[in-house]
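Please look over the sequence and the 3D view first.

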Amino acid sequence: MTAPMNEVELFVPGRLCLLGEHSDWAGGYRRMDSSVHKGFCLIVGTNQGIYARVRPHPDKLIIKSMLPDNKVLGPHEIDLDSEKLLEVAVEGGFYSYTAGATYHTMCHYTVRGLEIDAYKMDLPIRKGLSSSAANNVMVARAFNQLYDLKLTKRGEMEIAYQGEILTPSRCGRMDQACAYGSTPVFLTFDGERMDVQEVQPRNDIYMVVADLKAGKNTQKILADLNACYPKSGGKIGEDVRYYLGPVNKEIAHRGREAVMDGDAERLGTLMTEAQRFFDMFMAPACPQELLSPKLHFVLSSPDISDLIYGGKGVGSQGDGCVQFVARGPEEQSRLLIKMREMDLDPYPLTIYAQKTKTA
């Protein structure tokens with residue numbers, strides 16, 4: 001094993017699913033039934049994320065975290081023992097994600113421990129922006145850089161994913177695309193296989209993501225939608241598979257071209273179209289969560305119609321977060337103000353053109 005570095009500074013963003021939510025797990029059903037359609041989604045890293053300083057530790061996993069509300073958790077110590085790490089991961093809770101990623105790393109690489117000081121987090125938690133995936137990519141990247149594992153981004157994503165599915169979270173495979181940072185990526189899901197294509201926009205696209213400050217039960221949404229696969233659920237199940245198959249394929253591919261062209265208006269229009277079809281074909285499968293009254297109230301607000309090209313729900317959908325494509329930088333700033341006036345917690349997100357990206 002190469003001698004570890006002393007300390008590294010890391011930033012890992014959350015991820016925003018622009019188009020194609022739920023397509024990762026749905027496309028995964030192709031491993032047992034090839035008639036299921038492939039999944040496609042378009043992802044970009046958020047401008048918010050987790051900032052951390054990490055150092056090697058000889059025999060422990062030590063975690064200290066500052067949450068978005070400035071509450072500090074830890075330092076919390078876990079012995080570098082595979083049984084103990086797996087126990088912490090499986091039981092759930094705040095430290096389960098880090099424990100799961102560490103367990104998976106130890107099973108496949110010769111490493112020792114980590115001391116993690118996640119000193120800043122401006123990424124909302126449990127709002128469909130993959131805060132847990134960002135955490136696990138951060139852990140994987142810490143091991144990668146400190147112990148010179150020579151992993152690619154795909155390798156870091158795999159550790160992050162395998163670590164998270166040890167927890168009660170049961171995430172999909174799209175979440176860990178936050179490993180690509182601010183570069184948009186187009187993902188294809190075919191059973192166990194995932195293909196990643198980086199997308200380079202020609203123009204900046206200005207967006208706003210807002211926490212609706214309501215609530216949703218992601219586990220129920222996933223359970224109800226998964227009940228429609230591979231060939232169950234009657235007419236409701238057929239509609240879910242139709243949306244996540246042909247409808248999603250068409251919208252996601254058009255969305256990839258819109259982002260590549262830097263065409264904000266086309267992307268916003270596609271988001272509105274995707275939301276309309278989602279409400280038609282997906283919401284009946286889990287009406288308690290997916291009717292999303294607050295989401296639709298905000299999306300249809302006349303106070304913001306002149307500021308946006310379109311918008312839709314975020315993540316698994318429900319009343320968690322909403323995303324909008326703004327008409328420009330000035331409209332983005334005004335939209336942030338409007339969201340605060342509506343008692344929401346908004347965040348700016350700018351998808352930068354290749355020519356304006358910084359290292």
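How many residues lie between β6 and β7 in their hairpin? There are 2 residues between these strands, and in the turn Gly-191 has a positive phi of about 65°. The model discussed here is predicted.

**Paired strands**

Another antiparallel pair is formed by β8 and β10, where Val-208 stands opposite Phe-324 in β10. The table sets out the two pairs.

| Pair | Residues of the strands | Bridges |
|---|---|---|
| β8 and β10 | residues 205-215 and residues 319-326 | 6 bridges |

**The open sheet**

Strands β8 and β10 belong to an open sheet of 4 strands, whose order is β9-β10-β8-β11 with antiparallel pairing. At the edges are β9 (308-313) and β11 (345-351), each of which pairs on one side only. On average, neighbouring strands of this sheet are turned by 20° against each other, direction ignored. Across β8, β9 and β10 lies helix α8 (residues 264-281), which runs at about 35° to β9.

**Helix α4**

Helix α4 covers residues 131-146. Its 16 residues should span 22 Å at 1.5 Å a residue, and the end C-alpha atoms are 22 Å apart, so the two values agree. The helix is mostly covered, with 15 of its 16 residues buried. Just after α4, Asp-148 takes a positive phi of about 50°.

Technical notes. Residues are numbered from 1 along each chain as its sequence is written. This is a predicted model: local features need pLDDT of at least 70, side-chain atom pairs count only at pLDDT 80 or more; totals for chains, interfaces and linings use all residues. Side-chain values use heavy atoms; hydrogens and water are left out. Two strands pair if DSSP finds at least two bridges between them. The expected span of a helix is 1.5 Å times one less than its number of residues. Buried means under 20% relative accessible area, exposed over 50%, partly exposed in between (1.4 Å probe, protein chains only). Axes are lines fitted to C-alpha atoms, for helices over the stretch in contact, and angles run from 0 to 180 degrees between N-to-C directions. Contact means heavy atoms within 4.5 Å.
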